[in-house]
Each structure stands twice: as structure tokens, then as C-alpha cells.
Amino acid sequence: MLTITREHVIYDMCREHKPVANVNQDTDFLFETRDASDGQVVTGGEWYAGLDRRRANPATGPVYINGAMPGDTLAVSIKRIDVASAGYVRAGKDKGVLGAYLHGGELVRMNIVKDADTGAEYADFRAAGLRIALNKMVGVIGTAPPDFRSISTIEPGLHGGNLDDKDIGEGSVVLLPVNVPGALLALGDIHAAMGDGESSISGLECEAGVTVSVKVLRGKVYPLPMVVTPRHVSTVASHEDLDKAAELAVANMVDYLCGYEGFSKYHALMMVSMVGDVRICQLVNPKKTARVEFPLEYLTKREVHPC
Ligand code: CA
Ligand code: CA
């Protein structure tokens, strides 16, 4: 299988980056990813206040998708996430939603192991006497933006980026815009576990291998980014103001239901209000991210599918 090794990292999404590989549609390939500290965290027990922010959230890539042209939509199937045997989580001063109230901080490294009886993977949060069930997901996934701006991999946006959406796990499909020839796909910032909000600014951050395949969808205009899981389709939106991010995600879902399912605007909004869930992806990036989940069972046309 083609492997994009973790020596190929970028710290921003930009059309100027030279692709490190060309890939075809419907062919599995593997991204090796660094952890969110870019390998700066090597031990635990102290507060890494001095992490070099310029190296935060590296993404592996970018990859040129053969045949992808501006105006297309890139569907990225997340086939498998293999996480390293250890990861870290941190909380402290000036970070996350409570950072203003904290004076110190702590970083905990923990092993990721398999239960001998069940084979289920868990993180051993020994300091708290707990086992954490894994919820493996991709924090950063995106394509190059349409103009000559470069967007830091710390930022979420219309191009994807640092969405920290815990729906982006094994078995999900991420829909992203193709703004430049080849799309220039990159991903990184894998979490072995993360709750909605990522309140402290950190999931269980780890190196990983992510197996994906891609498809290029033509002739459709979706309110991107979107994610499809085996249970629901979601619209994902980011804004400095969380209320606005939620509003944009709702508006995008209404647009999707009107455009692709044939609902009237009012019926679409009623459906979102009755069976859709507005959720927080993350509260801790420069722009906050919200999503609206809409159950697949209420979609008849199924324009987009989980893998
Ligand atoms: Ca992140
Ligand atoms: Ca992270």
C-alpha cells in the first residue's frame, strides 16, 4: 500500500505546497501522522508551556488526487486508524475553556493497550485509576484553500482543517472542497480519544497510521465540509463565535435537505428541529466548530453514503 510517511509534514494548507505523492481514486493508501506536538512531548508529568506553537498540529501531505479539479468534491473514506502505543493529554494555564482560571498545568502520558480478554483497546489513565475507552478520530483533515492564502493547520474552515470533529473516525466519509487541481489533501492530529468540545485543548494526542481511500464527486455543490457516518450525515461549520458556527451548520443542513432531498425550507428546518442534533465539535481553536447531525433513516435519496 502506498504510504505517505510522517517526514512529509506541513503546518499550513496552501495551494503552493508541492504534493508528495499522486494517488488514484478507490485505492487505499496510508498517512503516517505525527502527534499534535510534532514530537516535542517525550515525557509526562510536567506542563509543556514552552511548546513551539509554530510546530503545532502538523498534517502529513499534501497528496495530489489524480483527476480532482476545482469545483469537484473530494470524498475521503476513513478506513482504519491505528494509533501508537502511547499518547498524551494536557490541561493548564491559558489553554482551553478554563485556561484563564488556571495557574499551572499538567501533561499526562499514558499507554494504549489491549485488554487481554476482550482485545478491546483502551488508554491506561493510571494517575486517575481509570481505563479510557478509545474513540479514535482525525483532528485535522483538509484541502488547499482556493486563493493564495495559507491557512494554519491550527485553523478550521471551509477547507476542513482543524475541525476536531469526533465523527471523523473509522467508517466515516469526509466531504471536502476541491479548490485547486489535485485537491492537495493532508491530515494529522489524531486523537485516540476526544469528547465533544475538546475542553482542555487536548484530546489523547498520538502518532498514528490512517488508511483512507478517495473518490471525486462531480457536478454537485454541497454545503461543505460534511461528514457521513453509518448513522447520520452532518454539516460542519466554524466561526469565531460558537453561536454563529451553530447557525451556519444549521443553515448548511437546511440547504442540503432542500437541495438534495427536496424538502421545502420550512419542512427542512422542522425536520432538523425534530430529529437533528446540533453538537459542538470543538471550543478551543481560533474558530469554534459545530455540526448538525441528521439521521440517515430520514434521507430517501442518499446522495452521499458512508463507506
Ligand atoms: Ca485539533
Ligand atoms: Ca489535538
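Aspartate 164 is buried, and so is aspartate 189, where buried means under 20% relative accessible area, exposed over 50% and partly exposed in between, with a 1.4 Å probe and protein chains only. This is a predicted model, in which local features need pLDDT of at least 70 and side-chain atom pairs count only at pLDDT 80 or more, while totals for chains, interfaces and linings use all residues. Residues are numbered from 1 along each chain as its sequence is written, chains are lettered from A and ligands numbered from 1 in the order in which they are written, and side-chain values use heavy atoms, with hydrogens and water left out.

The table sets out the two sites; donors are N, O and S atoms within 2.8 Å of the metal (3.2 Å for Na, K and Ca), and sites may look incomplete because water is not among the atoms.

| Ion | Protein donors | Distance |
|---|---|---|
| calcium ion (ligand 1) | Asn162 (OD1), Asp164 (OD), Asp164 (OD), Asp189 (OD) | 2.2 to 2.5 Å |
| calcium ion (ligand 2) | Asp189 (OD), Asp189 (OD), His191 (NE2), Glu205 (OE), Glu205 (OE) | 2.3 to 3.2 Å |

Along the chain, the donors of ligand 1 follow the spacing N-x1-D-x24-D, whereas those of ligand 2 are spaced D-x1-H-x13-E. The two calcium ions are 3.5 Å apart, and aspartate 189 coordinates both. Aspartate 189 has a relative accessible area of 2%, and histidine 191, also buried, has one of 0%.
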